[in-house]
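This report goes through selected local features of one protein structure. The sequence and the coordinates come first, and the notes follow.

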Amino acid sequence: MNRFSTHFARTLLIAFFALGALSIATAPGRADQGSVIPPKTYGEDEIVTAGHQFFGSVSGGLASVIERAFSKFGEPNGYILGEEGSGAFVAGARYGEGDLFTRNAGTHKMFWQGPSLGWDFGGDGARVMMLIYDLPSIDAMYNRFLGVNGSAYLVGGVSMTVLTNHNIIVVPVKAGVGARLGVNVGYLKFTNKPTWNPF
């Protein structure tokens, strides 16, 4: 074998092993189960306790409302504690701010606002707890969440509604004076900064 043939054979051998190594490295394989991070959720007792501490003496029906939310949607992987004000004369708007709590992404300031339209008159100010389901990231909260028809639920002065955006579900829970459900349709827009624009 001449010198050129030897060099050519060596080059082919190196290329063969390089391609083999590359195909092994890029071939689809079974995912390492240790690298999968399961969503860290909150149990019902934790949410009820946080709600009682937050709402205080006006949280009479809180446990029943939260139990209903857990029976329908399971355990949330985040929740918001905050305050909001709203007013309406047929058309209305609401504004709020609070803190979003998560187990694996920390605590984040959250603002929300949104319009409403319907047979709804008056105004209120309320403390509100929002249970967040299937939240993949903090940035995913900065969207508009539409109300679900027929989702209003009221027990002992505590109200619950349901908002959705794709697979993410937000369940606002209010107690006391702020439990004015009204008959309206609308949405809430969540932002990381306050704004007067409800749209």
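## Loop residues with positive phi

H166 sits in the loop that joins β6 (163-165) to β7 (168-175); helices (H or I, at least four residues) and strands (E, at least two) are DSSP runs, numbered from the N terminus. Its phi is near 55°, a positive value in a residue other than glycine. H166 is exposed, with a relative accessible area of 78%; exposed stands for over 50% relative accessible area, buried for under 20%, and partly exposed for in between (1.4 Å probe, protein chains only).

This is a predicted model, in which local features need pLDDT of at least 70 and side-chain atom pairs count only at pLDDT 80 or more, while totals for chains, interfaces and linings use all residues. Residues are numbered from 1 along each chain as its sequence is written, and side-chain values use heavy atoms, with hydrogens and water left out.

D134 is not a glycine either, yet has a positive phi of about 60°. D134 belongs to the loop between β2 (107-133) and β3 (144-147) and is exposed, at a relative accessible area of 53%.

## Strand residue N165

N165 is part of strand β6 and is buried, with a relative accessible area of 14%. Its side chain reaches the backbone oxygen of R144 at 2.7 Å. Leaving aside residues up to four places away in sequence, N165 touches N143, R144 and F145, where contact means heavy atoms within 4.5 Å.

## Helix α3

The buried residues of α3 include L62, V65, I66, A69 and F70. These residues lie on the same side of α3 because they cover an arc of only 135° around the axis, taken from the directions from the helix axis to the C-beta atoms. Just after the helix, G74 takes a positive phi of about 85°.

## Nonpolar cores

The largest nonpolar core has 23 residues, of which I47, M129, L131 and V171 touch the most other members. A nonpolar core is a set of buried Ala, Val, Leu, Ile, Met, Phe, Trp, Tyr and Cys residues joined through side-chain atoms within 4.5 Å. Two or more residues come from each of α2 (44-55), α3, β1 (78-101), β2, β5 (158-160) and β7.

Not counting residues up to four places away in sequence, V171 touches A69, F73, M129, M130, L131, Y133, M160, T161 and V162. Another core, of 17 residues, lies apart from the largest one; among its members are M110, M141, I168 and V170.

Conventions. A polar contact is a pair of N or O atoms within 3.5 Å; within protein, one must be able to donate a hydrogen and the other to accept it, and residues adjacent in sequence count only if both atoms are side-chain atoms.
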